[in-house]
Amino acid sequence: MSEEEQLEQLILQTLDGALAMIPSYMQEIEQNKGELKVENVREFVYGTIMGMALGMASTAIATIRQGMPTEEDQMKIRDIIYSKIPLVRERIFS
């Protein structure tokens with residue numbers, strides 16, 4: 001498996017982990033939306049999932065490479081995660 005394929009697999013695994021947490025995030029944010037001052041729980045969870053996916057993927061790459069992800073790495077991460085936006089939105093807003 002090429003490094004590119006490994007990178008994509010790592011990012012997709014990270015995103016899958018974040019997606020698996022959607023039900024618990026929805027419940028937690030709904031229960032605390034007054035305290036958090038959240039108007040739209042689904043949009044808040046969407047932002048949380050996207051942020052987690054981007055952050056966790058960057059951290060994983062930094063750990064593997066023992067250094068900060070390059071600009072090229074960051075672009076690959078964004079491209080892969082952004083290509084999954086319809087899936088993320090479907091899981092949250094359906």
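Predicted model: local features only at pLDDT ≥ 70, side-chain atom pairs only at ≥ 80, totals over all residues.
Q: Where does Lys76 sit, and with which residue does Lys76 form a salt bridge?

A: Start with the general idea: an α-helix has 3.6 residues a turn, so residues three or four places apart point the same way. Lys76 belongs to helix α4, residues 71-83. Its salt-bridge partner is Glu72, with the closest N and O atoms 3.2 Å apart.

Q: Is Lys76 buried or exposed?

A: Buried means under 20% relative accessible area, and Lys76 is at 18%, so Lys76 counts as buried. Leaving aside residues up to four places away in sequence, Lys76 touches Glu4, Leu7 and Ile11.

Q: Which other residues of α4 are buried, and how are they arranged?

A: Along with Lys76, the buried residues of α4 are Asp73, Ile77, Ile80 and Ile81. Down the helix axis they fall within an arc of 120 degrees, so they line one face of α4. On the other side, Glu71 and Asp79 are exposed.

Q: Which residues form the remaining salt bridges?

A: Glu30 pairs with Lys33, the closest N and O atoms being 3.1 Å apart; they are three residues apart in helix α2. Arg89 pairs with Glu43 at 3.4 Å between the closest N and O atoms. Arg89 lies in helix α5 and Glu43 in helix α3, so this pair ties together parts 46 residues apart in sequence.

Technical notes. Residues numbered from 1 in each chain as written. Heavy atoms only, no water. Helix = DSSP H or I, 4+ residues; strand = E, 2+ residues; numbered from the N terminus. Buried < 20%, exposed > 50% of the residue type's maximum accessible area, 1.4 Å probe, protein only. Contact = heavy atoms within 4.5 Å. Arc of directions from axis to C-beta. Salt bridge = Lys/Arg side-chain N within 4 Å of Asp/Glu carboxyl O.
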